[in-house]
Amino acid sequence: MEVHLTMSAQTYPDFISRNTITEVLGLQWPDEVVVVSGHLDSWDVGQGAMDDGGGVTISWNAGVVLQQLGLRPRRTLRTIIWTGEEQGLYGGLAYYNNHVNESDKFQLILESDAGTFSPLGLAFSGNQEATCIIQEVLKLLQPLNATQVVSPMDGGPDIEEWQKAGVPTGSLYTESSRYYWFHHSDGDTLTVEDPDELDRCLAVWTSLAYVAANITHRIPHSPVADKYSIQGEALNPMRNGGPSHSFQFT
Ligand SMILES: [Zn+2]
């Protein structure tokens, strides 16, 4: 069989674009930060409602909801709407490079970019103590049936560098079996977004971010060296046979 495929896609020159950032300033430790995020750009077909309009909507509105409820957490809640994700994670990488020297100020970094279907919990990367704290926080979401903590984080492309740097990171975990029905296609339109599911995702996102920003505990970071030398060795019996770059979070 011979297939003739005609494509009309073009690559245009690069231009300057920017991340969009809003904050609810922390009352007690304003320089410590919890990030909620999604990416504003989308694939060139469809409307990008699911990828990643849903993630942008809940991240933007997390701050709005806190304002409406008159809630100011102890730490700052920072919403970041990334730019240029589909073209190559440009916004996420630029932000990482500009802020990695302040990484100890980040309590928790979240991204929703794997669909805003019915929420189940959080896909999380962090050490054992950090995971324990997140599990306790998510127990508060029992009324929304969204208490699951799965590891490692999967689906936060703009924040992966932070994950590698040992900062606690999470991706909204949802009933996403239909994600690839619409992903990067003409099918990704606003009709995919169920208003009730979106509302519940927003409730999970806002509650999780607020509690993480408000608890007196610092969520511990993972020293990167430890992840390679201790956990990597424990998980990889072949390690003595040569260097291994695979590691897992617990
Ligand atoms: Zn995306």
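## Pockets

How much space lies in the largest pocket? In this predicted model, the largest pocket holds about 690 Å³ of space. Its lining is made up of 19 residues, and those nearest the centre of the pocket are Tyr-12, Asp-14, Phe-15, Gln-87 and Tyr-90. By class, the lining of the largest pocket has seven nonpolar, eight polar and four charged residues.

The second largest pocket comes to about 170 Å³. It has 13 lining residues, with Asp-113, Ala-114, Tyr-179, Tyr-180 and His-183 nearest its centre. Helix 2 (85-88) and helix 6 (179-182) each contribute at least two residues to this lining. Four of the lining residues of the second largest pocket are nonpolar, five are polar and four are charged.

## Chain overview

The protein chain has 250 residues, 45% of which count as buried. Its secondary structure consists of eight helices and seven strands. Among contacts in the chain with a separation of 6 or more, 81% are between residues 24 or more positions apart. The accessible surface of the chain is about 13200 Å², and carbon and sulfur atoms account for 54% of that area.

## Helix 1

Helix 1 spans residues 49-69 and bends by about 30 degrees at Ala-62. Ala-62 is itself buried, and other buried residues of helix 1 include Ala-49, Met-50, Asp-51, Asp-52, Val-56, Ile-58 and Leu-66. Three glycines of the helix, Gly-54, Gly-55 and Gly-63, are also buried. An α-helix has 3.6 residues a turn, so residues three or four places apart point the same way.

After the helix comes Gly-70, with a positive phi near 70 degrees.

## Cavity

How many cavities of 30 Å³ or more does a search of the whole structure find? The search finds one, and the space in the largest cavity is about 30 Å³. Rolling a probe the size of a water molecule over the atoms shows where empty space is left.

The lining of the largest cavity consists of Ser-42, Trp-43, Val-45, Gly-48, Asp-51, His-184, Ser-185 and Asp-188. Two of these residues are nonpolar, four are polar and two are charged.

Is Glu-111 buried or exposed? Glu-111 counts as buried because its relative accessibility is 0%, which falls under the 20% limit. This residue is found in strand 4 (residues 106-111). Leaving aside neighbours within four places in sequence, the contacts of Glu-111 include Ser-37, Gly-38, His-39, Trp-82, Gly-156, Pro-157, Asp-158 and Ile-159. Gly-170, Ser-171, Leu-172 and Trp-205 are also in contact with Glu-111. Trp-205 is 94 residues away from Glu-111 along the chain, and the C-alpha atoms of the two are separated by 9.6 Å.

Glu-197 is placed in helix 7 (residues 195-214). With a relative accessible area of 14%, Glu-197 is buried. Not counting residues up to four places away in sequence, Glu-197 touches Thr-116, Phe-117, Ser-118, Pro-119 and Arg-178.

## Backbone geometry in loops

Most residues other than glycine have a negative phi, and most peptide bonds are trans. A cis peptide bond joins Ser-151 to Pro-152, with omega near -5 degrees. Pro-152 sits in the loop between strand 6 (148-150) and helix 5 (160-164).

Asn-145, which is not a glycine, has a positive phi near 55 degrees. It lies in the loop between helix 4 (128-139) and strand 6. Asn-145 counts as exposed, since its relative accessibility is 57%. His-184 likewise has a positive phi, near 55 degrees, and is placed in the loop between helix 6 and helix 7. The relative accessible area of His-184 is 25%, and the residue is therefore partly exposed.

Notes:
Residues numbered from 1 in each chain as written. Predicted model: local features only at pLDDT ≥ 70, side-chain atom pairs only at ≥ 80, totals over all residues. Heavy atoms only, no water. Helix = DSSP H or I, 4+ residues; strand = E, 2+ residues; numbered from the N terminus. Buried < 20%, exposed > 50% of the residue type's maximum accessible area, 1.4 Å probe, protein only. Contact = heavy atoms within 4.5 Å. Areas by Shrake-Rupley, 256 points an atom, 1.4 Å probe, with all protein chains shown as cover. Bend = angle between axes of the 7 residues up to and from the residue. 1 Å grid on protein atoms, 1.4 Å probe; cavity = no way out; pocket = protein on both sides within 12 Å on 5 of 7 lines; lining within 4 Å. Points joined across faces, edges and corners; volume = space filled by probe spheres on them. Nonpolar A, V, L, I, M, F, W, Y, C, P; charged D, E, K, R; others polar.
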